[in-house]
Amino acid sequence: MASPIPSLAQLVSEASSLYKNMFADDTPQIAVCAPGRVNLIGEHTDYNNGYVLPMALPLVTVVVGSPSINGDTVVVTASEHADEPRRVDLSLPKEGSTSSPCWANYVRGVIHHYRARPVPGFRAVVVSSVPLGGGLSSSASLEVAFYTFLQQLRPDDGDKLAKALACQQAEHTHAGVPCGIMDQFVSALGTEGHALLIDCRSLEAIPVPLADPQVVILITNSNVKHSLASSEYTVRRRQCEDAAAILGKSSLRDATMKDLEGSRAKLDDVTYRRARHVIAEINRTVKAAEALKNGAYQEFGQLMVESHNSLRDLYEVSCKELDELVSAAMEVDGVFGSRMTGGGFGGCTVTLLKATVVDGTIQHVQERYHGSPTFFVTTPSAGARALQLS
Ligand code: ADP
Ligand code: MG
């Protein structure tokens, strides 16, 4: 069975109760949410200025809170899996290094990069239905939710792209993760019922309708995360920069397959394969968006599988668990396509399939997978927004 997805009302109520408990019966005045995301296709292309095709999820981070009475800034997180302290007073000097990926660093980063300064003191509680560290971008949803919270406290100009860019900066400078723009972009600008074809060079996005009741986007969490994930991410980024430099381009977005083949002798085998993935994946993503727009699900699914195989064989960021989940899903009639999604080395797969075969697919994958997967049946949801408090 797929895991239930808590409603926004449930999350707001949970956060509000915790707020009352933590802050002596005070009630929150502000509530906001920002979604996690799943990338349908276009993997490891955002930091190469390429195209990506993610959608915002009904899995969200909710922040409730109020301006603080004494000017302090206290944040509480309710995440079951967070191994860091649950309550942090951000007005006190920070202990430890900024590079440690403790959740409070993300909040500090957002405050640091917020565009309408100075940020007044506040009390806030965070709850989230996005699995932490599962490749569905709990980190971007946390950043974008906090930025949206600050916008209620001290309004800025409301520019959503500027918000996404500021949150990306927060992740770079305060969490030490040199991520591309995809996660923060779709969390801030996602549109209900649509995936977003984002051009990561021009930072323009085209919404692609994805609201056909006959098809479903199924997310399968492998529930594994290999420690290679962050170090290999940095290595891949460097390999792409090297490849672009050898091809005489400012990024791989500007390189064609012909450019690559023409310079093959100048590239070592690994760098060649990395560049080949990126250039082909950028093309695949544009084709896939067109296929989706036309309801050509078979073609879309085929492109998803090609993407997975390329990430496995050329970019080498898959792992046996993700490969197993994809192979198992592809054995079921009515499954159009399946692939690893996110950075790789664990996390989730995304599968496009007929609504009628969802239960059978979940059962089949459960039987075939050697670990304990969890499943989410998802629909494209809206980006970050303020919520009514009852
Ligand atoms: P992903 O973004 O794919 O979930 P990351 O490793 O980028 O994985 O981010 C996970 C980290 O984000 C967690 O380890 C934690 O520090 C932080 N985080 C995100 N959301 C929350 C939350 N609701 N509560 C506490 N920490 C969170
Ligand atoms: Mg993240």
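The following legends describe close-up views of a predicted model.

The model is predicted, with local features needing pLDDT of at least 70 and side-chain atom pairs counting only at pLDDT 80 or more, while totals for chains, interfaces and linings use all residues. Residues are numbered from 1 along each chain as its sequence is written, chains are lettered from A and ligands numbered from 1 in the order in which they are written, and side-chain values use heavy atoms, with hydrogens and water left out.

**View 1. Salt bridge between Arg-115 and Asp-157.** The closest N and O atoms of this pair are 2.5 Å apart. Arg-115 lies in the loop between helix H2 (103-113) and strand S5 (122-128), and Asp-157 in the loop between helix H3 (138-153) and helix H4 (160-175), so the pair ties together parts that are 42 residues apart in sequence. Arg-115 is partly exposed, at 43% relative accessible area, whereas Asp-157 is exposed, at 55%. A salt bridge here is a side-chain nitrogen of Lys or Arg within 4 Å of a carboxyl oxygen of Asp or Glu; the whole structure holds 18 of them. Helices (H or I, at least four residues) and strands (E, at least two) are DSSP runs, numbered from the N terminus. Buried stands for under 20% relative accessible area, exposed for over 50%, and partly exposed for values in between (1.4 Å probe, protein chains only).

**View 2. Salt bridge between Lys-249 and Asp-259.** The N to O distance is 3.6 Å. Lys-249 is in the loop between helix H6 (228-247) and helix H7 (257-262), and Asp-259 is in helix H7; the two are 10 residues apart. Both ends are partly exposed: Lys-249 has a relative accessibility of 28% and Asp-259 one of 25%.

**View 3. Salt-bridge network of Asp-269, Arg-273, Arg-274 and Glu-316.** Within this network, Glu-316 pairs with Arg-273, their closest N and O atoms being 3.3 Å apart. Glu-316 lies in the loop between helix H9 (297-313) and helix H10 (320-330) and Arg-273 in helix H8 (residues 269-293), so this bridge ties together parts that are 43 residues apart in sequence. Glu-316 is partly exposed at 35% relative accessibility, while Arg-273 is buried at 18%.

View 4. Taken alone, ligand 1 exposes 570 Å², and the protein buries 85% of that (Shrake-Rupley method, 1.4 Å probe).
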